[in-house]
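Here's a quick tour for anyone meeting this protein for the first time. Have a look at the structure, then read on.

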Amino acid sequence: MALKNSENDVEISFETVEKEEDEVQMNFDHNAAPLQQLVDINDAFSSNEIFCSRDALIEWARNVGKRNGFVIVIKRSDKGDSRKARVTLACERGGTYRHAKNKSNVEDLNRKGTGTKKCDCPFKIIGVKLTSSDDWSVKVVCGFHNHRAAKQLEGHSYAGRLSDGEKTILSDMTKNLVKPRNILLSIKNHDEYNVSTMKTIYNARHKHRLLNSAGRSQMQQLMKQLNECKYVEWHRKDESNDCVRDLFWAHPTSIQLLNAFCSVLIMDCTYKTNRYRLPLLEIVGVTSTNLTFSVAFVYLEAERVDNYTWAMEKLQSLMFADRLPNVIVTDRELALMNAVRLVFPTTTNLLCRWHISKNVLGNCKKLFERKEKWEAFMSAWSVLVFSSKEDDYERNLRSLTTDYYTYPGAVKYVTESWLTPYKERFVAAWTDKVMHLGNVTTNRVHMQS
């Protein structure tokens, strides 16, 4: 807020203001609450400052009100067609409640449990524009409140509103994907008198999104954003109802990184993290400095071979014909594995060791009655998975089946569900034959989410 000190005495005619003051004082003496309930803040609003604009005056008055526990609102504004421009500021609790004009029976409106915060508070100040410039001066007409000051204004419906400048900050930070709590913290750091809450931020973000969407559906808005940001996008739809079935998109920079670092790709689906509960396939890559970058995202209608094959074909179309991936790491999603085999037949498909360990934990731990025995089994399983040679693998497998023959259910699960059909995809004796750059899990995908 910009203020200017008055170096010379400025003569201002407040004849009309003084008349209003006398009128308010007469009404105040007749209708006001008992004297011991009045709150005098004359000194807080009495100022000889000259304000550089109407907005600066209003901002000053509202901040002074907040410091003293009162909410100041604009009661009347006059642009000054026939007299000096002025603005009348009052307490939000000024005046009395007026019933809706279309309600003929007032008694029906006096329902039990209803009330109003209006208490005919007489507080009133007037700002007048100076004749010689665009500056403004302030005059206290009545500096009394007939109610107590609020102990705190956090969550107040009016005091917590965002100013135009704060709405601009919220809009910019929302576009940059800043979390709501950090937006609120930034606004409060910008204005020490701000009393907005998280609910205010959420409501403002929702309104901002509605304004940006301009009546478009969420799918239409997504398509618009992808087009404006120059994403490479493909989709296919159901011809019978014109609904989108699958949607693939990738950023141009991600495509450049993909063709520069195409040796290892990692894929995984996230579930139930969006309104429509659609699977979201995320594809990431690894740079020569071991950094992770996003390659593409795919919304899928369902986790079927047809959907995954369509996604893999679009991914392949982004790559140079002579620079296809050497390794693709996935979990044991059979439809995705089949799609990878169809589209990238020369690529080695490794399985995520972390997901395998989670499956072993969920299916075998309940078979062990003692914790020590279970931990020993998992230790033997880890030794087996990290066997560096095929001979070591055979020896460690015999050791595991011999030591835990009393737990046939656990041994049967790990051998029939994992080792026999998939050992070449996750046991070190086979995975170390390809250049996977240390990527034997899909954890990089979750780190990007």
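This is a predicted model: local features need pLDDT of at least 70, side-chain atom pairs count only at pLDDT 80 or more; totals for chains, interfaces and linings use all residues.

Residues are numbered from 1 along each chain as its sequence is written, and side-chain values use heavy atoms, leaving out hydrogens and water.

**Nonpolar cores**
- A nonpolar core is a set of buried Ala, Val, Leu, Ile, Met, Phe, Trp, Tyr and Cys residues joined through side-chain atoms within 4.5 Å; buried means under 20% relative accessible area, exposed over 50%, and partly exposed in between (1.4 Å probe, protein chains only).
- The largest one has 29 residues, and L281, M312 and L315 touch the most other members.
- Among the elements giving it two or more residues are β10 (243-250), β12 (280-286) and α9 (305-317); helices (H or I, at least four residues) and strands (E, at least two) are DSSP runs numbered from the N terminus.
- Another core, of 28 residues, lies apart from it and includes W374 and Y407.

**Helix α9**
- Its buried residues include W310, M312 and L315.
- Beyond its neighbours within four places in sequence, L315 is in contact (heavy atoms within 4.5 Å) with F248, L258, L265, M267, I283, V295 and F344.

**Cysteines**
- Zero disulfides turn up in the whole structure; a disulfide is a pair of cysteine sulfur atoms within 2.5 Å.
- The sulfur of C142 is 7.5 Å from the closest cysteine sulfur, in C121, so that is too far for a bond.
- C142 is buried at 2% relative accessibility, whereas C52 is partly exposed at 28% relative accessible area.
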